[in-house]
Amino acid sequence: MKRIGILTSGGDSQGMNAAVRAIARSAMNAGLEAYGVKFGYKGLVEGNVFKMDSLNDLDGIINRGGTILRSARFPEFAEEETQLKAIEQLKKLGIDALVVIGGDGSYHGAMKLTKHGFNSIGVPGTIDNDIPGTDFTIGFDTAVGVATDALDRIIDTARSHQRIFVVEVMGRGAGDIALWSGISSGADAIVIPERKFDVKAIADKLTANRKKGKDYGIIVIAEGVMSAQDFKVELDKHGDFDSRAVTLAHVQRGGIPTPKDRVLASRFGDYAIHLLLEGKGGLAIGIRDNQLVAKDIIDTLENHKHQTDVSLADLNDRIRF
Ligand code: ATP
């Protein structure tokens, strides 16, 4: 093992740079060379790769959002021919292993490379927290913070104007961001893909709340359910509300990573190198009960699903007004 490649792919998430830094620094400090791949799998196939410098490329990036390696959506990478071209490029550059930081789609790319015999390790980097094999992904904590901050602000105006706000948060098919930001902001309802919901029951609750003196409300809805606007239209059919729909969208992906995301990314990145130096590979890295874990990436993706903690929705029902 002499050279490792690092690639970020899919949606960017806060803390990806901290992971890039940890992987590259840990590798360099162990005597390896680190190569950065620009623009995800697209850049890999095109050979857009550079040797990283510990000072010039990695200094001062631990607190920066986005990814210095940039990202790209490159659906062509699902084709075997394109994957083999990537392996050709990696071999040409003398790279022995690739560490991929990204979400579910990016993991599939790393799994395909592993299946073709190229040693790849997945580091979970997505705000959605939807990767199997880990309790938390890099960026989730920051995204929840951003969403909670936005909800706190929206609640101020909702209360002032006696309005109902339906606020859509990201998460792709997962309700994790909705659950964590919803509980944190004291939402009246949290609507997630993992749990059945009844729009009329939610509307009736808001109407009952108004009769009891709470004349405003917040509904947090995960993007995987439906849009805030569509939910608002449904809600309005069951009550006389002054309602508004808000979509938080990409603000959730930007900004300075929280210390928790920076530390998580640093632990994951260093662990990836530790495993490679031990001669291991083809793994998906994660954290379970605050312990770093590494599982076979093929088994992780083919036989496991991310488990959203749906009990948090029940918790919210027990503690709301
Ligand atoms: P996020 O969920 O945060 O958006 P992601 O990694 O899931 O991140 P995707 O756009 O789904 O984002 O995937 C990123 C890239 O991974 C794709 O553009 C493509 O290059 C590659 N990829 C996705 N699915 C596959 C697949 N089935 N096989 C090989 N490569 C894939």
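Reader: Which word applies to A187, buried or exposed?
Author: In this predicted model, A187 has 23 C-beta neighbours inside 10 Å. A residue is buried if 20 or more other C-beta atoms lie within 10 Å of its own, exposed if 12 or fewer, and partly exposed in between, with C-beta atoms placed from the backbone. A187 therefore counts as buried.

Reader: Where is the place of A187?
Author: Residues are numbered from 1 along each chain as its sequence is written. As the model is predicted, local features need pLDDT of at least 70 and side-chain atom pairs count only at pLDDT 80 or more, while totals for chains, interfaces and linings use all residues. Helices (H or I, at least four residues) and strands (E, at least two) are DSSP runs, numbered from the N terminus. A187 lies in the loop between α6 (176-184) and β7 (189-191).

Reader: With which residues is A187 in contact, leaving aside its neighbours within four places in sequence?
Author: Two residues are in contact if their C-beta atoms, placed from the backbone, lie within 7 Å. By this criterion, the contacts of A187 beyond four places in sequence are G182, I218, I219, V220 and N316.

Reader: What is the order of strands in the open sheet?
Author: Two strands pair if DSSP finds at least two bridges between them. The sheet has 4 strands with parallel pairing. Its edge strands, each pairing on one side only, are β7 and β9 (243-247). The order is β7-β8-β6-β9.

Reader: Which residue is the bridge partner of V191 in β8?
Author: Strand β8 covers residues 217-222 and runs parallel to β7, to which 3 bridges join it. Within β8, the partner of V191 is I221.

Reader: What angle does the direction of α6 make with that of β8?
Author: Axes are lines fitted to C-alpha atoms, for helices over the stretch in contact, and angles run from 0 to 180 degrees between N-to-C directions. Helix α6 packs on the sheet and touches β6, β7 and β8. Its direction makes with that of β8 an angle of about 160°.

Reader: Why is A24 counted as buried?
Author: A24 is found in helix α1 (residues 16-29). Leaving aside neighbours within four places in sequence, A24 is in contact with I6, A34, M52 and L58. A24 is buried because the number of other C-beta atoms within 10 Å is 26.
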